[in-house]
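My entries follow in the order of looking.

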Amino acid sequence: LPICKRREARVPAVAWLASDCVAQPRVSILRSIADAFPVFSMGECLRNAPPPAGGLPQRGAVDPASHASFQRAMSDYMFYFAVENAGACAGYATEKVWMALSRGSVPLYFGTDDVYELLPDRDAIVDLREYDSVESLAKKLHAIATDEREWAKAHAWRYRDPSTWPREFRTLL
């Protein structure tokens with residue numbers, strides 16, 4: 001799997017890159033998280049960090065060089081804010097979670113319940129719906145960022161035989 005940096009080589013923060021702030025629920029969720037845990041927003045929406053070297057990827061770009069540049073830049077971060085634009089719509093899962101997993105970031109996910117059928121392991125994501133407060137979420141993120149066992153738990157699927165992963169997941173990578 002590409003660009004898989006060790007825990008110690010990553011910034012213990014949530015990265016996000018969005019070109020607009022149209023999806024208001026996502027913005028509200030991210031603002032709440034930022035009050036309790038470091039968030040680096042590099043896009044046009046809620047920017048508090050410089051964009052990746054080479055600039056922002058173009059929306060819908062499929063250029064391999066642009067994709068690789070984005071993946072390299074985001075691989076510096078332990079976590080990625082992979083909240084679906086459409087919220088929790090059944091059967092709707094986009095590239096956000098898969099790209100984060102492929103580069104070794106732990107996705108903070110909010111979206112379809114169906115995502116678990118496509119994941120290599122339930123612990124591969126931090127499902128925002130499982131936390132009753134931002135404080136409890138921040139505590140989990142801090143644990144993953146500072147405890148090698150927690151980090152390893154989120155990445156244990158990487159060391160299993162790929163034939164144990166759901167077929168749908170294997171075709172996404």
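Is α3 mostly covered or mostly open? I went through α3 and found eight of its nine residues buried, where buried means under 20% relative accessible area, exposed over 50% and partly exposed in between (1.4 Å probe, protein chains only).

Note on the source: this is a predicted model, in which local features need pLDDT of at least 70 and side-chain atom pairs count only at pLDDT 80 or more, while totals for chains, interfaces and linings use all residues. Residues are numbered from 1 along each chain as its sequence is written, and side-chain values use heavy atoms, with hydrogens and water left out.

Entry, α3. I listed the buried residues as K96, V97, W98, M99, A100, L101, S102 and R103. I then looked up what covers them, and the cover includes α1, α2, β3, β4 and α6 (167-172). Directly after α3, I noted a positive phi of about 90° at G104.

Entry, fold. I counted six helices and five strands in the protein; these are DSSP runs numbered from the N terminus, helices being H or I of at least four residues and strands E of at least two. Read from the N terminus, the order is β-α-β-α-β-α-β-β-α-α-α. Of the 173 residues, 43% are buried. Among contacts with a separation of 6 or more, 62% are between residues 24 or more positions apart, a contact being heavy atoms within 4.5 Å.

Leaving aside neighbours within four places in sequence, I found F79 in contact with A13, V14, A15, F37, S105, V106, L108, L141, I144 and A145.

Entry, Q71. I located Q71 in helix α2. Q71 is buried, at a relative accessible area of 3%. Which side chains does the side chain of Q71 meet in a polar contact? I found S102 at 2.9 Å and R103 at 2.3 Å. A polar contact here is a pair of N or O atoms within 3.5 Å; within protein, one must be able to donate a hydrogen and the other to accept it, and residues adjacent in sequence count only if both atoms are side-chain atoms.
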